[in-house]
Amino acid sequence: MSSNSVVQRPNYSHATHIAARDECADKYLGNAVSTNIVRSNHCLPDDVGKEHLHDGDRDRDSHGHSSDLSDDEVANIRDENDDDQNTVRVDKIMALVSREKEYNVLVGWPDRNEEAFLRGKPELKSLILDATSFDEDDLLHLTLEIFLEVGVHEKLGIPTDKMKRFILGVRDRMLDNPYHNWTHVFDVMQTVYSLATMCRAFDKLSDIQTFALIVSALCHDLEHPGVNNLFLIKSRSSLATLYNETSILEKHHAFRAFELMFHANTDLLSSFTPEQYADFREIMMSIILATDMARHGDYMARLKQILAENEGKEGQIEV
């Protein structure tokens, strides 16, 4: 398949999204569910309050997870968590998230804006790159450039054309939330890449470890619905039930990432040996699950212990 092969992408017009939302709710939740009971517009670009763009700290649950909902809506969920309407609302969100096979707007790999690319490329290994100063297509090219600079995907038998389809797939599965969106996952990936470069981590990592690190950073919030784990639990979401109310979103992100990699249009890992795949999956699952802020205290305690044990030592720290 050529690099210009099409992939499915949603039409981000307001009217189409409203229609798609209601159609989706009826199909997945039953026609008896009235689409005006609760709103799922916070997944939709034209309904998002742009004044909250990239405000990731607006609401956090006890685990530190941010929510893309308004303060009033989060308060409503907390005060009325027994209301069945809340369950309907979040399940509508997840139904919309899961309907990418029904999108009928097709796009290919976009042409590169040379001015934007030449502005961003020199900053990829630094912490000064401002992801919000680039449009979605610019970030596609800068994402690919990171993989090309890391240079391990072809060593692992993954053609660059497959990487393009995979990157498109990730972009097209990110909703236009105020914070958990395509710009955010690029920003996290680029930050991980720059920090790993600065501390020369790639010199110590195998090709599989390096590839898993960068892919995990890109996919760590894949298909984030714009609500946090506490919302999913209190609204009695089917997603919370599926993952037993533990690392709900993180497990969903990882699941959807591997589903995308296995998709026939992507087939990203077909060149891996069983041993390579087992290593890759173990590392990637570990990294994505580590983004659950419920685990943050444990990781910080471990880091402090490592630093204390290696205090005064020169050279490589023993982990």
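**Core and surroundings**

Guide: Setting aside neighbours within four places in sequence, Met261 is in contact (heavy atoms within 4.5 Å) with Phe166, Val215, Thr266, Asp267, Leu268, Leu269, Phe280 and Met284. This is a predicted model: local features need pLDDT of at least 70, side-chain atom pairs count only at pLDDT 80 or more, and totals for chains, interfaces and linings use all residues. Residues are numbered from 1 along each chain as its sequence is written, and side-chain values use heavy atoms, with hydrogens and water left out.

Visitor: Which residues have the most contacts inside the largest nonpolar core?

Guide: They are Phe166, Phe211, Met261 and Phe280, in a core of 48 residues. A nonpolar core is a set of buried Ala, Val, Leu, Ile, Met, Phe, Trp, Tyr and Cys residues joined through side-chain atoms within 4.5 Å; buried means under 20% relative accessible area, with a 1.4 Å probe and protein chains only.

Visitor: And which element gives the largest share of this core?

Guide: Helix α8 does, with 8 residues. Helices are DSSP runs of H or I with at least four residues, strands are E runs of at least two, and both are numbered from the N terminus.

Visitor: Changing topic, where is Phe117 found?

Guide: Phe117 lies in helix α4, residues 114-120. Phe117 counts as buried because its relative accessibility is 6%.

Visitor: What does Phe117 contact beyond its neighbours within four places in sequence?

Guide: Its partners there are Arg112, His141, Leu142 and Glu145.

Visitor: How many helices and strands does the chain have?

Guide: The chain has 13 helices and 2 strands, and buried residues make up 47% of its 319 residues.

How values were computed. Buried < 20%, exposed > 50% of the residue type's maximum accessible area, 1.4 Å probe, protein only.
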